[in-house]
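Open the structure in your viewer and get your selection tool ready. We will go from stop to stop, picking residues and looking at what surrounds them.

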Amino acid sequence: MNILQESIQAATPQAKIEYQIFIADAGTEEIFKYEDRERFNALCRNRCDNFGRKWSCPPYAPAYHEFAGEYNRIYICLTLAKTDQFNYIKHDYLKIKAANTILKSRIDKTLRKLIEKDVYYISGGSCRLCKSCKCKFQESCIHPELMTYSFEAMGINVDDMIRDIFGIPLLWYKESLPKYTCVVAGLVSKDKFEAETIIETLKSLN
Ligand code: SF4
């Protein structure tokens with residue numbers, strides 16, 4: 001598995017934030033072993049308000065093997081920001097929130113720009129194209145050709161996948177501020193895709 005790594009700076013109104021991107025290039029089927037849809041659907045059902053309220057979330061999201069089955073290659077994108085850069089924010093919980101917003105917005109914007117006929121992406125969270133997902137109003141998705149799913153929604157054990165591939169444990173906010181926070185997304189394609197393009201597009205956002 002090839003892995004690319006780069007440090008990038010995000011210029012925000014409050015500070016310049018440095019973050020890392022790691023990209024692993026794999027066959028889509030190499031990730032099948034991390035799929036445990038029943039377990040992750042049950043976790044979503046018991047713990048998340050979005051269950052059954054977003055078209056991109058369980059129980060509506062497809063399993064990873066169904067979604068990725070029509071593509072051959074996957075480029076797993078791990079973005080990571082150290083939390084000690086957010087000392088201008090008082091509360092630890094808000095530091096994590098700010099870091100995740102920076103990472104999510106950048107990687108999602110980047111991957112969305114790269115969509116083409118045989119290339120699609122896996123978002124770093126649920127689909128946020130509409131302010132409120134139409135699912136909440138029992139209406140059909142208004143952008144079915146642009147909506148996205150996350151790895152988690154498709155039943156992937158993201159903790160295990162990221163630890164195995166990059167050797168980096170995902171850290172969660174419990175009672176104290178973790179050293180870093182991560183957002184995981186991906187790009188799928190039928191043919192080989194130049195992973196450097198993801199990094200170049202990400203850099204062009206700042
Ligand atoms: S495009 Fe809109 S309606 Fe469709 S899944 Fe995304 S948020 Fe929901």
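Start by selecting T83, which counts as buried at 3% relative accessibility (buried means under 20% relative accessible area, exposed over 50%, and partly exposed in between, with a 1.4 Å probe and protein chains only). T83 sits in the loop between strand 3 and helix 3; helices (H or I, at least four residues) and strands (E, at least two) are DSSP runs, numbered from the N terminus. Now show what surrounds T83: leaving aside neighbours within four places in sequence, the residues in contact with T83 are I96, L177, P178, K179, Y180 and T181. Contact here means heavy atoms within 4.5 Å.

A word on what you are looking at: this is a predicted model, in which local features need pLDDT of at least 70 and side-chain atom pairs count only at pLDDT 80 or more, while totals for chains, interfaces and linings use all residues. Residues are numbered from 1 along each chain as its sequence is written, and side-chain values use heavy atoms, with hydrogens and water left out.

Next, select I76, F151 and M161. These have the most contacts inside the largest nonpolar core, which has 34 residues. Such a core is a set of buried Ala, Val, Leu, Ile, Met, Phe, Trp, Tyr and Cys residues joined through side-chain atoms within 4.5 Å. Colour the elements that each supply at least two residues of this core: strand 2 (16–27), helix 2 (64–68), strand 3 (73–82), strand 4 (119–122), helix 4 (158–166) and strand 5 (180–189). Helix 4 gives the largest share, five residues.

Now show helix 3 (residues 92–113) and helix 5 (residues 195–204). At what angle do they pack? The angle is about 120°, with the axes 9 Å apart; axes are lines fitted to C-alpha atoms, for helices over the stretch in contact, and angles run from 0 to 180 degrees between N-to-C directions. The two helices are therefore oblique to each other (under 35 degrees counts as roughly parallel, over 145 as roughly antiparallel, 65 to 115 as roughly perpendicular and the rest as oblique). Show the side chains of R106, I107, T110, L111 and K113 on helix 3, and of I198, T201 and L202 on helix 5, to see the residues that make the contact.

Move on to N41 in helix 1 (residues 37–47). N41 is buried, with a relative accessible area of 13%. Leaving aside neighbours within four places in sequence, N41 is in contact with F51, P58, P59 and A153. Zoom in on P58 and P59: a cis peptide bond joins them, with omega about 5°. P59 lies in the loop between helix 1 and helix 2.

Finish in the loop between strand 4 and helix 4, which holds Q138 and E139. Q138 has a positive phi of about 55° although it is not a glycine, and Q138 is exposed, with a relative accessible area of 71%. E139 is partly exposed at 40%. Not counting residues up to four places away in sequence, E139 touches W55 and K134. E139 and W55 are 84 residues apart in sequence and 9.8 Å apart in space, C-alpha to C-alpha.
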